[in-house]
Amino acid sequence: VQLQASGGGLVQAGGSLRLSCAASGRIFSTFLAWFRQVPGKERDFVAAVRWTTGFPFYAGSVAGRFTISADHAGNKVNLQLNSLGPDDTAVYYCAAHNRGGVYEHTSYSNWGQGTLVTVSS
């Protein structure tokens with residue numbers, strides 16, 4: 001399945017954005033996730049959702065501010081970003097789980113192209 005991320009942009013600190021990750025075909029993966037990466041750093045886990053039940057997982061740094069949801073009708077995963085701060089600036093990638101732990105980027109095999117989120121202070 002191919003994943004297409006969208007919704008990034010420039011926002012002021014304290015603002016909100018909504019990212020979407022649309023899948024081109026049927027999703028067989030157990031989890032769909034969002035990761036983010038800044039230049040020179042590792043790709044960090046942000047959030048994941050169990051596709052069938054919608055159960056979410058969050059990184060500690062975004063829990064309470066971000067909300068991930070599975071949209072079965074639209075065949076996509078959404079990530080609502082609230083109370084954004086400059087530290088949230090990154091390229092956000094969506095990915096489909098293959099095998100392994102839900103929090104590790106090495107567990108994911110299908111990656112979207114990324115969408116840039118820039119938060120100004």
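Modeller: A residue is called buried when its relative accessible area is under 20%, exposed when the value is over 50%, and partly exposed in between. The model discussed here is predicted.

The sheet is open and has four strands, in the order β1-β3-β8-β7, with antiparallel pairing. Its edge strands are β1 (3–6) and β7, each of which pairs on one side only. From one strand to the next, the twist averages 15°. Four bridges join β1 to β3 (residues 17–23) in the antiparallel sense. Ser6 has Ser20 in β3 as its bridge partner.

Next come the loops. Between β7 (66–71) and β8 (76–81) runs a loop that holds Asn75. Most residues other than glycine have a negative phi. Asn75 is not a glycine, yet its phi is positive, near 55°. Ser83, in the loop between β8 and β9 (90–97), is also not a glycine and has a positive phi of about 50°. The relative accessibility of Ser83 is 46%, so this residue counts as partly exposed.

The loop between β9 and β10 (108–111) contains Ser107. Its relative accessible area is 4%, which means that Ser107 is buried. Leaving aside residues up to four places away in sequence, Ser107 touches His97, Asn98, Arg99, Gly100 and Gly101.

Conventions. Residues are numbered from 1 along each chain as its sequence is written. This is a predicted model: local features need pLDDT of at least 70, side-chain atom pairs count only at pLDDT 80 or more; totals for chains, interfaces and linings use all residues. Side-chain values use heavy atoms; hydrogens and water are left out. Helices (H or I, at least four residues) and strands (E, at least two) are DSSP runs, numbered from the N terminus. Buried means under 20% relative accessible area, exposed over 50%, partly exposed in between (1.4 Å probe, protein chains only). Contact means heavy atoms within 4.5 Å. Two strands pair if DSSP finds at least two bridges between them. Axes are lines fitted to C-alpha atoms, for helices over the stretch in contact, and angles run from 0 to 180 degrees between N-to-C directions.
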